[in-house]
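Hi everyone, thanks for coming. Please have a look at the sequence and the structure on the screen, and then we'll walk through a few spots together.

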Amino acid sequence: MTDATTAVAGYEPEIGFLHHLCRVLAEAAETVGDASRHASELALGTRLPRAGGGARRNVLRTITDPEGLDRAPRGRCLARAGRLAGVFTGRESLAVTLAVTGPKARIRAAAATHPELLADPDTARVLRAVQEDRQREAVRVFRSILAAEGAEPTFALLAPVFADILAWNAYTDENPLNDGAGREIATGRTLTGAEPVLGVSARGRAFLDRGPGRAEPLVPSPALAERLDTSGTIAGYVRNIGAVGTDGTLLVQQVEGPDGVQRYVVHLAGMSGVSDKIPQDLLGAVHAVARPATPYSRAVSKALRRLVPSGCELALVGHSLGGITAMNLAADRDFCGIHQVTHVVAIGSPIDGKRPADPRTRVYSLVNEHDVVPSLEGRSSVSAYALPEQFTEFTWTDDTHAFPLCHAAERYAHHLEHEVPEASARVDAALAPFRGRVTAARFFRLYDR
């Protein structure tokens with residue numbers, strides 16, 4: 001369990017040193033990259049009008065030398081073409097060497113706190129290949145593990161280091177489109193551009209996921225209505241999300257708090273799979289990580305406009321994609337101009353790169369360290385980068401190492417109730433104003449269009 005304000009202080013000295021080294025190397029790689037870009041503009045642009053050919057040749061030699069500033073010239077037009085040529089020929093560089101060393105340091109730090117990574121012979125082979133920069137072998141071993149063991153145990157075991165493996169792979173493969181994602185992960189920034197595997201841009205994903213969002217009132221089945229938890233605890237909210245399911249249903253509970261004030265708890269479920277009708281599909285999930293507005297967030301916003309009076313206090317509780325959507329809504333200034341978002345609770349969600357628009361909003365992130373989903377935006381639960389003061393993060397390990405079981409809402413509810421009661425108590429105390437008599441439960445069906 002890690003509070004955002006003490007996320008690094010609790011590590012052993014060697015691990016703290018590795019995390020510090022990672023940050024320094026990432027910053028150095030960025031500086032070298034910037035120097036390469038400026039040198040590229042000097043050598044291939046028009047910024048040396050009086051220096052003559054000798055100076056231009058010296059600069060060009062600096063950026064094209066195998067041990068030079070960058071893998072190839074960085075910049076625009078001819079410089080960018082030169083950089084791509086360097087990528088495809090597999091040339092190494094100072095900037096790339098610095099950049100990949102950072103994620104490798106984080107992987108070593110994670111292995112110190114998660115000895116199961118090295119105790120398992122298969123994952124140990126992957127990590128050894130990473131440390132020795134044998135990219136093709138790492139991919140081959142990873143694929144062989146998937147074939148022999150299946151995706152579930154493989155992703156569960158590698159979850160604590162998955163984000164850093166993605167960053168390392170983005171740097172060491174021969175795909176120039178995902179290099180920016182590698183840099184963002186290595187430097188602790190939000191993945192706002194391309195995703196780290198193929199390098200598909202966020203703009204391209206947004207083009208494919210353009211639904212305006214729609215919400216229609218829904219009458220629930222009697223069985224679902226009877227299953228709803230009204231305890232007002234975080235474990236109860238997560239159980240409700242599991243009961244609602246991922247078929248496009250939104251649940252909003254109206255609660256009369258201990259002070260007699262009406263407040264609202266919004267339950268946001270996770271991804272449904274592949275669909276062209278509801279906004280909780282795979283494309284929407286990938287889109288939501290990098291972009292603040294999606295068909296899911298727009299549909300929820302329209303539902304709440306119909307139900308919740310302006311200025312009322314909201315608690316947004318979301319699992320997986322629902323947690324991302326909760327943060328996207330909390331980051332929307334227009335949404336927060338209508339509703340007062342006092343709390344966001346994200347369960348098993350990659351939200352660490354997002355920030356609420358209202359500085360008074362408190363954010364709680366609940367993460368099983370063997371759940372790979374929270375690391376998909378580039379920050380793992382054992383990251384070297386601390387979260388802002390608005391965030392409080394609670395993490396724990398699941399001895400079963402079983403993914404996707406450890407990602408399920410029902411599993412998180414069980415852990416919160418029985419395995420990490422101290423985390424539940426902290427979140428329940430924060431949500432005390434929302435703990436009271438449930439005066440209404442409203443349902444909506446959400447659509448892309």
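Let's begin with strand β5, residues 340-347, which is mostly covered: seven of its eight residues are buried. Buried here means under 20% relative accessible area, with exposed over 50% and partly exposed in between, using a 1.4 Å probe and protein chains only. Helices (H or I, at least four residues) and strands (E, at least two) are DSSP runs, numbered from the N terminus.

A quick word on the background: this is a predicted model, where local features need pLDDT of at least 70, side-chain atom pairs count only at pLDDT 80 or more, and totals for chains, interfaces and linings use all residues. Residues are numbered from 1 along each chain as its sequence is written, and side-chain values use heavy atoms, leaving out hydrogens and water.

So which strands pair with β5? Two strands pair if DSSP finds at least two bridges between them. Strand β4 (residues 313-319) pairs with β5 in the parallel sense over seven bridges, and there Gly318 stands opposite Ala346. Strand β6 (residues 362-368) also pairs with β5 in the parallel sense, over five bridges; Val344 has Val363 in β6 as its bridge partner.

Now over to helix α8, residues 151-158, where Thr154, Ala156, Leu157 and Leu158 are buried. What covers these buried residues? The cover includes α5 (116-119), α6 (121-131), α7 (135-149) and α9 (162-172), where contact means heavy atoms within 4.5 Å.

Last stop: Ser424, in helix α19 (residues 421-430). Ser424 counts as buried because its relative accessibility is 7%. Not counting residues up to four places away in sequence, Ser424 touches Ile234, Leu416 and Glu417.
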